[in-house]
Amino acid sequence: MTSAEPRPPDSEPIRTLLREVLTALASPSAAPLPPLSRPRLLRRLPHVVLCLIALGLALAGVAEFNDTYRLGFPLGEVTGAAQGVALVLALRRPVPAWWLSLGATLLAAAGARSHMMADVPASRPDWPWSSPALVAQAFVLFLLALRLPARVAIGALSVTALLTYVMQGLVGGQLYHSTGFLAVVVFAAAVLLGIALRGRREARTQLVEQASQTEEERARRTLLEERSRIARELHDVVAHHMSVISIQAQVAPHLVENPSDELKENLEGIRQNALEALTELRRVLGVLRSENPEDPYGLGAGTGAAPNSPQPTLDRLDALVENTRAAGLQVTTEVTGEQLPLPPGVELSAYRIIQEALSNALRHASGSAVRVELWHFPRGLQVRVINSRPERPAPPSPGAGHGLLGMRERAAMLGGTLVTSETAHGGFVVAAFLPRDGAVTGDAPSTDLSPYPSPPPSTSPSTDVDCPGRTGDESR
C-alpha cells in the first residue's frame, strides 16, 4: 500500500463502544431514582406516583391481552402484570426492567399472532405494541436514560427498535393495527427527554462542584496573599537585625585591646554569615514586594509607592489616627499601662491590626465614632478597636474580604488571639492580645469585647461579652 492510498478507518473505537454498551445492557447495576430534596414531606412522591401508574398499567395490560389478544390464563395475566412490575423495578434496576418489559411484550405479540392468523377478531388489535405495553416501555426507557449514560440509553432504544422491526416487518401478522412506528417514535422521545434531564442534572452538579472548588481556591489564595504580605514585612524587620549584627561584628574587634586572632576570625565569620543572610533576604524581598498595593484611604501600607521605607511601629500610631480623622471618622485613642519595649514583630502586627480595623470602619461604618485602646501588660499588648453604629448604610466595597483573615494570621503568628464581634448597639469590635515572647501563658490577659470603659491594667480584662453579637463577617 502506497502512502497516497487512503487508510482504512480504524474500527477499534467502534468495537470498544459497542462492547461497553452491550456490557452495560447486560449488567443490572444502575443508581436508583433518588427522592426529592424538598419539600421533605413529598420526598417519595415520584415513587408513589410511578407505583400507582404501574398498577394501572398492569390491570390495563391484563385486560388488553385477555380481551383483544385472547391470550387467556396464565399467559395474559403474566405478560400484563409484567408491564407493571417492570415499571416498579425500573425505579431501582432500569436495565432488568427494560428487558422484562421488552420480553413480555414480544411474548404477548407472538402469542397473539397465532390467533390473528387462525381467527380474525371483530376489531383489529394494536400490534405488536399494545397501548399499556407502549406506555410502560416508554416510562422504563425514560428512567433508564435518566440513570445511565446516553450511549447505553441509545443502545437500549436501538435494540427495542430492531426487535420491533423483526416482529412486525419480518414475522408479521394479519389484520392488525400497526403500532411499531408509533412506538419507536414515542420511545425515542422518552429517551431524548431522559438524556436531556440527565445532562442538565450533571451540568448542575459540575457547576456546584466547580463553584465549591473556586471558593476553596479563592480562600486558599487569600490566605497565601496575606501570609506573603506578613512575611514580606517581617523580612524587613529581620533584615534590619541582620544589618545590625553585621555592623556590630565589624566594630567589635576595635573595642577590645589586642584582640586575639581567633576572636577576629570568629567575628569575621559572623559578619560574613550576616552579610550572606542579608543578601538572601534582599533577594526574597524583591520577589515578595507588591508592585500595586491597594490603599484607598491613604492610611499607608509601608510598601509599593515607598517600597524601601521602614516598617511602621506604634510610634506612628498618631499619624495613622490623624489620616483616619481626615478621611471622615471621629477617632479617639487610649493608652493604658507601663509602655515597656516590645519586639519589632509585635509592634508591626499591632500597628497593622489597628490600621486594618480603621480601614474596615471607613468602609463599613461611615460616620461612626471609633475608639482605639492599647493596654500594656508585662506579658504582652492588648489592642481593641471599637466603632459605633454607622450613620448610613455602607456602600459596596469591591476588593474587600482579606481584612479579618490577615489580622487573625498576624495574631496567630505571634501566638496571640484575635476576636471580632458586633456590639449590642450595632457597632463592631476588634480585640487582639499579642504576647511579648510569642507564646500565651495560662495567666495571660484574655481578650475582652466589652465596648465600655476598661478596667485598670492591674486587673486582667474579662472575657465576658456584654453585647450579644456574632462572629465578624469576613467581608470586613
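A pocket here is an open set of grid points with protein on both sides within 12 Å along at least five of seven lines. The model shown in these views is predicted.

**View 1. The second largest pocket and its lining.** This pocket has a volume of about 650 Å³. Its lining counts 20 residues, and Leu33, Pro34, Pro35, Leu36 and Arg201 are the closest to the centre. Three helices each supply at least two lining residues: H2 (45-67), H5 (131-147) and H7. By class, 13 residues of the lining are nonpolar. Five are charged and two are polar.

**View 2. The largest cavity, lined by residues of H7, H10 and H11.** The structure holds three cavities of 30 Å³ or more. In the largest of them lies about 50 Å³ of space. Ten residues line the largest cavity; Arg229, Arg352, Glu356, Met407 and Arg410 come closest to its centre. Two or more lining residues come from each of H7, helix H10 (344-364) and helix H11 (403-413). H11 gives the largest share, four residues. The lining of this cavity has five charged, four polar and one nonpolar residue.

**View 3. Helix H7 at Gln248.** Helix H7 spans residues 180-251 and includes Gln248. The relative accessible area of Gln248 is 52%. Because the cut-off for exposed is over 50%, Gln248 counts as exposed. Arg271 lies 23 residues from Gln248 in sequence. In space, the C-alpha atoms of Gln248 and Arg271 are 8.2 Å apart. H7 also contributes at least two residues to the lining of the second largest pocket, and two or more to that of the largest cavity.

**View 4. The hairpin of strands E6 and E7.** Strand E6 covers residues 417-422, and strand E7 covers residues 428-435. The two strands run antiparallel and are joined by six bridges. Glu422 stands opposite Phe428 of E7. Five residues separate E6 from E7 in the hairpin. In the turn, Gly426 has a positive phi of about 90 degrees. In a regular strand, side chains alternate between the two faces of the sheet.

Notes
Residues are numbered from 1 along each chain as its sequence is written. This is a predicted model: local features need pLDDT of at least 70, side-chain atom pairs count only at pLDDT 80 or more; totals for chains, interfaces and linings use all residues. Side-chain values use heavy atoms; hydrogens and water are left out. Buried means under 20% relative accessible area, exposed over 50%, partly exposed in between (1.4 Å probe, protein chains only). On a 1 Å grid over the protein atoms alone, a cavity is a set of points where a 1.4 Å probe fits but cannot get out, and a pocket is an open set with protein on both sides within 12 Å along at least five of seven lines; lining residues have an atom within 4 Å of a point. Grid points are joined across faces, edges and corners, and a volume is the space filled by probe spheres set on the points. Ala, Val, Leu, Ile, Met, Phe, Trp, Tyr, Cys and Pro count as nonpolar, Asp, Glu, Lys and Arg as charged, and the others, Gly among them, as polar. Two strands pair if DSSP finds at least two bridges between them.
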